[in-house]
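Please have a look at the fold before reading on.

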Amino acid sequence: MAERDAAGAGGNEAERGLDSPDSDSDSENGGASGESEMDFLRNLLSRTLGLGSEKPEKVLDELTLDGVSRFMQSEKCRNVVCIVGAGISTSAGIPDFRSPGTGLYANLQSYNLPYPEAIFEINYFKQHPEPFFALARELYPGQFKPTVCHYFIRLLKEKGLLLRCYTQNIDTLERVAGLDQEDLVEAHGTFFTSHCLGSSCKKQYTLDWMKEKIFSTVTPKCDQCQSLVKPDIVFFGESLPPRFFTLMQSDFQKVDLLIVMGTSLQVQPFASLVSRVPTNTPRLLINKEKTGQSDPFMSLMGLSTGMDFDSEKAYRDVAWLGECDQGCTALAELLGWKNELEALVKKEHSAIDAKSGQAGEAGASPSLPPAGATASPSSPPAKPGSSPEKESDAGNKTE
């Protein structure tokens, strides 16, 4: 507080110096105002851009997972927004995009692509759809079970805390875990529906229709016009769904806590969501590595709204580093929800197995990962390099 008051006083002196006939002499004396040029420029930009009007207020009693859990159980926490990426689905057997050796981009050699990202570029897809549909057979929704992370988000909903889940994933596991369309913003689209690419047709197709085509190795063509049919996932070169931009405006004014899981926050505009919460809203990152941090230049200017875990000015951001399932288990335990979460996972996985006739097969184990078997908030990540998303131009992208 003392620093802020001093900076404010210095800013007033700097303003007077600009108009004062004695400003030159002040400069010769080393700057009587005592404010550095950087402080002056920071104040000027803040006033010009309308930034810095909110005074940061510490709302967590400590910047740890324990502090977050206590906040969640307080009267101050009523609306939780989750933003999630491919890292929450890796324990289901779905690869992320960038992990060395195991990521999707590292294992596309058999498709003879000019470069890995081409498989998700709309112009390449229109000319060469076969690689995408071959990949889709391997990753198609319905072959995987939701993870502990998915069911933790489901618990947030059942507890009346979930305002919205913004997901980059196209695997539909949020829906399988029990989230409704109203609970979700599928920022990079979904396999749930498909549309004809014919400019004058645009006929919609169901998940079952697309599944039949993909697994029969037939390139999906429209029944009416014979144009290519594409799942409603967002490719590079396409705009994000209007729902993303509409709900973003309202949700991020109401949010009391932001939980970020399994994403490298490299892809815009999704990555910008962390900066849209109010200044006093805590942000929890559960991920293999720290991400979403402030740009060094903007931090120097005092204008950044990126995440700040380590500086002396850190006041609301918490990083829990390790596997996402283990992070959710640890938080559930602190909240007193661990038994409920374990029972939910067991019940839902058993139902999925019974429906598919796979009860007892490998991969059906419902047990939660041990919360203590992961990195602590200040420890290095268990396996560095997990960056689930792809980079693209702001406003257009895919997952």
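Is glutamate 158 buried, partly exposed or exposed? With a relative accessible area of 45%, glutamate 158 is partly exposed; here buried means under 20% relative accessible area, exposed means over 50%, and partly exposed lies in between, with a 1.4 Å probe and protein chains only. Before going further, please note that this is a predicted model, in which local features need pLDDT of at least 70 and side-chain atom pairs count only at pLDDT 80 or more, while totals for chains, interfaces and linings use all residues. Residues are numbered from 1 along each chain as its sequence is written, and side-chain values use heavy atoms, leaving out hydrogens and water.

Glutamate 158 meets arginine 154 in a salt bridge, at 2.7 Å from N to O. A salt bridge here is a side-chain nitrogen of Lys or Arg within 4 Å of a carboxyl oxygen of Asp or Glu. The two residues are four apart in helix H7, so about one helical turn separates them. Helices (H or I, at least four residues) and strands (E, at least two) are DSSP runs, numbered from the N terminus. Arginine 154, at 13% relative accessibility, counts as buried. This pair also belongs to a network of salt bridges that links Arg154, Glu158, Lys347 and Glu348.

In total, the model has 17 salt bridges by this rule. One of them joins lysine 145 to aspartate 353, with the closest N and O atoms 3.3 Å apart. That pair links distant parts of the chain, 208 residues apart: lysine 145 sits in the loop between H6 and helix H7 (148-158), and aspartate 353 in helix H13 (residues 338-356). Lysine 145 is buried at a relative accessible area of 14%, and aspartate 353 is buried at 4%.

Now find lysine 290, which forms a salt bridge with aspartate 310, the closest N and O atoms being 2.9 Å apart. Lysine 290 lies in the loop between E8 and helix H11 (296-300), and aspartate 310, 20 residues apart from it, in the loop between H11 and E9. Lysine 290 is partly exposed at 29%, whereas aspartate 310 is exposed at 54%.

Six strands form an open sheet in the order E3-E2-E1-E7-E8-E9, with parallel pairing; two strands pair if DSSP finds at least two bridges between them. Strands E3 (184-186) and E9 (317-321) stand at the edges with a single partner strand each, so one side of each has no neighbour in the sheet. On average, neighbouring strands are turned by 15° against each other, direction ignored. E8 (residues 283-287) pairs with E9 in the parallel sense over five bridges, and arginine 283 has aspartate 317 in E9 as its bridge partner. Helix H12 (residues 324-335) packs on this sheet, touching E7 (257-261), E8 and E9, and its direction makes about 135° with that of E8. Contact means heavy atoms within 4.5 Å, and axes are lines fitted to C-alpha atoms (for helices over the stretch in contact), with angles running from 0 to 180 degrees between N-to-C directions.

Finally, turn to helices H6 (residues 130-139) and H9 (residues 207-215), whose axes come within 9 Å and cross at roughly 110°. H6 and H9 are therefore roughly perpendicular to each other, a label for angles of 65 to 115 degrees. Phe133, Ala136 and Arg137 of H6 make the contact with Met210, Ile214 and Phe215 of H9.

Notes
Angles under 35 degrees count as roughly parallel, over 145 as roughly antiparallel, 65 to 115 as roughly perpendicular and the rest as oblique.
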